[in-house]
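User: I would like to learn how to read a structure like this one. Could you take me through its features in turn?

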Amino acid sequence: MADGDTQIPKLDDPLQVPCIKPGSMDGLQPFLAGPEHQEKLGFPGQLVPDWKERTLAKMKEMAEKNRAFQVYLDICVKCGACTDKCHYFLGTADPKNMPVARQDLLRSVYRRYFTFAGKYFPWLVGARDLTEDVLKEWYSYYHQCSECRRCSVFCPYGIDTAEITMAARDILAEVGMGQKYANEIIGKVHDVGNNLGLNPKALTATLEDLEEDIEDDTGVSVRLPIDEKGADILLVTPSADFFAEPHIDGLIGYAKVFHQAGVSWTLSSYASEAANFGLFIGNYENMRLVSQRIRKAAKDLGVKRIIFGECGHAWRVAYSYLNTLAGPWDFLDPNYPVPQHILEFTWGEIQKGTLKLDKSKNDHLTLTYHDSCNVARASRMGETPGGQFEIPRNVIKAVCNNYVDMDPDTIHESTLCCGGGGGLLTDDLMDLRVKGASPRMTALQQVTESHGVTHMAAICAICKTQFSKVMPKYGYDMDSVVSVHQLVSNAIILDGQETEEDATA
Amino acid sequence: MLSTIYALLFYVATILIVVGVALRVRKYAVTPAPLKIPTTPAPTTKGGVVLRMLREVIFFESLFKSNKWIWLFGWMFHMALWLVIIRHLRYTIPGNTPFWLDFMQPFGKYAGFAMVLGLAGLWARRFLVDRVRYISSPSDHLILVLLIAIGLSGLTMKFVSPTDIVAVKAFMSGLWTFQINTLPTNPFLLIHLGLVIVLLIIFPISKLLHAPGLFFSPSRNQADNPREQRHIAPWAAELEK
């Protein structure tokens, strides 16, 4: 669908609940992965003839291998607590975008083939036969979920629709209906090491350009090393940080912080990607393969610590899964958590006082902060629960004078997805992305009106790309979304840096 | 004759719920959670997880955050149900009842009203709220109808048409020792007990599994300590060989 066709939902309140409009998003779907993108990941190239048997076999296998899948399909009572919690439902009013209804697309089939009630009384419990139309419906609506877990916060049993979405996508890929966007990208990581397919040469050239930019800007030579054996820290960051705006300003920020902290660090061309779209497609094996690259890079380079750059789902995989998928990390320095988030590092340095910061450099901005879903609800920073909310805000407040939070029901664990997460950051889903962003955009508009907020900071590559694309539709400039380390970069005064006073003196 | 049928049904229903739930719980327990997925912020220790779970079970914490109406009706129903169940213990324990159980009687008696009111509120939502109407299957309505009917038939016996409660106690407590005493034929009693038997039977094959299932929900029962402690499922460990 072309961008211009999307109707921007007008909400009076970020969480305004629409009346249901059945069928309003029927048929929307991202491009199917072709054989070349399917087979590289170990999936069949197209819909297999015995898709029905294989779907049911896969469901049975999942019920044996994944407790969440089994328990969540069994225990939902349809209380309705989640029905108004999904940003895609709020933005589209399609009832199949209510978390419970989305789960039911799969649960209805589970009941039909795997439960007593569904086998003998399908009409009673909403069980249905598995048909090709059901697969198509799955493909459509399981690609209208960003796996953000907002519903799971509010479910009395913690049922996480993301788990069901991931399972459904995994099943679909296994019978030949994978998603082009995600699978193509995972294939690039397997081949080259990052989502963009940037080879080491291009990557090195990009980093050299950045070093020049920083020197032109500050008069200080700040390095962005790559593949340097013996460095203490391996930085793993989303490849969007190498070229996209405002991501790249964040990368400059990390480099300045490392420089000023006096630590030795390096990027890796082999593991030049923090993102792990294996999470999005719910495939353990692919997620594990991508993670293993980081282990290999850490071993080959002989680093002592691993730090992740600003990326939401990457931090989930890093914080929550890296130990599982690529651990144990007993060959790294045990004095540091593995891995660390760049914000944990920067906040540590701010507290130690190693960074000279001039907050007034950000005085032209009034900021708010968008908690990224995967950071907020699927990970942590620092020592205590909730550190993932405090540390980014602490850092922003340490480098900016003007900071305001959005509506408390739309931040912290209740944060709203940007609308582009979970493998939906593709142009073929633009209509959904624009609508799904409306609750967040409405919350932002509120603080713009009440407190004159001009910019929103984020720590997720997907959020940043999504917002720079959809914000113009809501009356903001595309550069109204900024990296947190971009703000740090603005405020940091490097040793020997030429300041404006020097220039005028 | 009637007494024998009811006695047999009680035995069958008891076996079905005990065995059915045990099998289900075993399934949940032996199925591994391959990844750490607590909904964060989450407690970092086992003790913290126990507290989180207690808050969920006792106060319905997440539901309270979500929707005050569902919370009000749902919490009222569940807590009243506990009081009512405790009160009913006197009819199943042979002989004299302990002091605390006598003390609980009036609470349990009036909790019956709260229980039905809570259920009625939950049922009303299935008609009045378009989102909840959309997600409701016939079974979602029928389970509420079943519980309401159990509550109303019980209240009717207590407040309108009493049965021979001494005989009921003799019947129920006799079941422990396979003695089948005569069950009174008050129609409300027969409806009440018949519906309870239905409830016991459907428990392990319906969404009523949410009661034991909640304790196995990985997003609620996992500690947030993945960096400190390596978590790996047995089948995933195989991949490393």
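**Reading the two chains**

Analyst: The model is predicted. Residues 67–211 of chain B are 77% helix and 0% strand, and the end C-alpha atoms of that span lie 20 Å apart. The UniProt record, an unreviewed entry, annotates these residues as "domain: NarG-like".

User: How many helices and strands are there in chain B?

Analyst: Chain B has twelve helices and zero strands. From the N terminus on, its elements read α-α-α-α-α-α-α-α-α-α-α-α. The C-alpha atoms of chain B fill a box of roughly 65 × 45 × 40 Å along the principal axes.

User: What share of the residues in chain B is buried?

Analyst: Count neighbours. A residue is buried if 20 or more other C-beta atoms lie within 10 Å of its own. In chain B, 32% of the 241 residues are buried. Contacts give another view. Of the contacts in chain B with a separation of 6 or more, 76% join residues 24 or more positions apart.

User: Which residues of chain B does the record annotate as "transmembrane region"?

Analyst: The unreviewed UniProt entry lists 6–25, 69–90, 110–129, 141–160 and 188–210 of chain B. Take two of them. Residues 69–90 of chain B are 100% helix and 0% strand, with end C-alpha atoms 33 Å apart. Residues 110–129 of chain B are 95% helix and 0% strand, and there the end C-alpha atoms are 29 Å apart.

User: Now chain A. Into which domains is chain A divided?

Analyst: Chain A has domain 1 (11–178) and domain 2 (187–491). Their C-alpha centres lie 29 Å apart. Where the two domains meet, 30 residues of domain 1 are in contact with 33 residues of domain 2. On the domain 1 side, the elements giving two or more residues are α4 (87–92), α9 (150–154) and α10 (161–174) of chain A. The residues on that side of domain 1 divide into 16 nonpolar, seven polar and seven charged.

User: Why is α5(A) largely enclosed by the rest of the structure?

Analyst: Look at burial again. Twelve of the 16 residues of α5(A) are buried, so the helix is largely enclosed. Among the buried residues are A:P99, A:V100, A:L106 and A:Y110, and also A:R102, A:D104 and A:R107.

User: And a single residue? Where is A:V48 found?

Analyst: A:V48 sits in the loop between α1 (35–39) and α2 (51–65) of chain A. A:V48 has 16 other C-beta atoms within 10 Å, so it is partly exposed. Beyond its neighbours within four places in sequence, A:V48 is in contact with A:R54, A:V175 and A:G176. A:V48 and A:G176 are 128 residues apart along the chain, yet their C-alpha atoms are separated by 6.1 Å.

Technical notes:
Residues numbered from 1 in each chain as written. Chains lettered and ligands numbered in written order. Predicted model: local features only at pLDDT ≥ 70, side-chain atom pairs only at ≥ 80, totals over all residues. UniProt positions renumbered as here; feature names shortened; annotations may be inferred. Helix = DSSP H or I, 4+ residues; strand = E, 2+ residues; numbered from the N terminus. Contact = placed C-beta atoms within 7 Å. Domains from an automatic or database assignment. Nonpolar A, V, L, I, M, F, W, Y, C, P; charged D, E, K, R; others polar.
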